[in-house]
Amino acid sequence: VEQAGMTAEAPIPGTGAFETLRRAHADGRLSLFIDTYALNRPGSPVYSPLDVFAPPMVLLASSLTLLFAAGIIAWMVALSLILAYQIFAARRVVEWRLRLRTVRAALASDYNFALLWGMGGLAIALKAWPEKNCLSPKGDWRAFITENFDAGG
């Protein structure tokens, strides 16, 4: 199939740098960092309202069930544990799950990576030299990859 002078076998422009990025990340030579504040909000393709709202609602509902089933003392203990989870652990869990989703989505395709890069939610750095990095959205990640790895075209 030909379209605008390209055949089906013709490479998509810019995918060499993306494939090199994927290989470097898989080999452990490149670190991918995310900006939680840029990506964990409505409108972001990797945002999950279930991660943010479901755990507190489930914990609150289960504590109310415990109130009626076991009494006020058990409910107060459960509510204290729920508050401790919300204060100390919930944010870390949400950020961990966001990171997993973001890395999986970003490395799935060049389009996804470009979309997340354009939102300002990603940064890449060399593992051996973290000071050498490229920040989105203003940094040119393709030039960074080409400069630091053999992008192969």
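**Surface patch, core and a loop lysine**

User: What makes Ile72, Ile73, Met76, Val77 and Leu81 a nonpolar patch on the surface?

Analyst: In this predicted model, Ile72, Ile73, Met76, Val77 and Leu81 together have about 520 Å² of accessible area. Members of a patch need over 30% relative accessible area, and nonpolar side chains are joined within 5 Å. The five residues form such a patch.

User: Why is Val77 called partly exposed?

Analyst: Val77 has a relative accessible area of 47%. Buried means under 20% and exposed means over 50%, with partly exposed in between. The value of 47% falls in between, so Val77 is partly exposed. Val77 lies in helix H4, residues 72-88.

User: Why does Lys132 count as partly exposed?

Analyst: The relative accessibility of Lys132 is 23%. Lys132 sits in the loop between E2 and strand E3 (133-135).

User: How do you know which residues Lys132 is in contact with, leaving aside neighbours within four places in sequence?

Analyst: Contact means heavy atoms within 4.5 Å. On that criterion, Lys132 is in contact with Ala125, Leu126, Phe144, Glu147 and Asn148. For Asn148, 16 residues from Lys132 along the chain, the C-alpha separation is 9.4 Å.

User: What makes a set of residues a nonpolar core, and which members of the largest one touch the most other members?

Analyst: The members must be buried residues of the nonpolar kinds, joined through side-chain atoms within 4.5 Å. The largest such core has 23 residues, of which Leu21, Leu30, Phe113, Ile124, Trp141 and Ile145 touch the most other members. Two or more residues each come from helix H1 (15-26), strand E1 (30-34), helix H5 (90-106), helix H6 (110-118), strand E2 (122-126) and helix H7 (141-148). H1 gives the most, with four residues.

User: What does Leu30 touch, not counting residues up to four places away in sequence?

Analyst: Leu30 touches Leu21, Ala24, His25, Ile124, Ala125, Leu126, Lys127, Phe144, Ile145 and Phe149.

User: How many helices and strands does the protein have, and how do they run from the N terminus on?

Analyst: There are seven helices and three strands, in the order α-β-α-α-α-α-α-β-β-α.

User: What share of the protein is buried?

Analyst: Buried residues are 30% of the 153 residues. The protein exposes about 9,700 Å², with 65% of that supplied by carbon and sulfur atoms.

How values were computed
Residues are numbered from 1 along each chain as its sequence is written. This is a predicted model: local features need pLDDT of at least 70, side-chain atom pairs count only at pLDDT 80 or more; totals for chains, interfaces and linings use all residues. Side-chain values use heavy atoms; hydrogens and water are left out. Buried means under 20% relative accessible area, exposed over 50%, partly exposed in between (1.4 Å probe, protein chains only). Patches are made of residues with over 30% relative accessible area and no salt bridge: like charges are joined within 9 Å, nonpolar side chains (Val, Leu, Ile, Met, Phe, Trp, Tyr) within 5 Å. Accessible areas come from the Shrake-Rupley method with a 1.4 Å probe; for residues, only the protein chains shown count as cover. A salt bridge is a side-chain nitrogen of Lys or Arg within 4 Å of a carboxyl oxygen of Asp or Glu.
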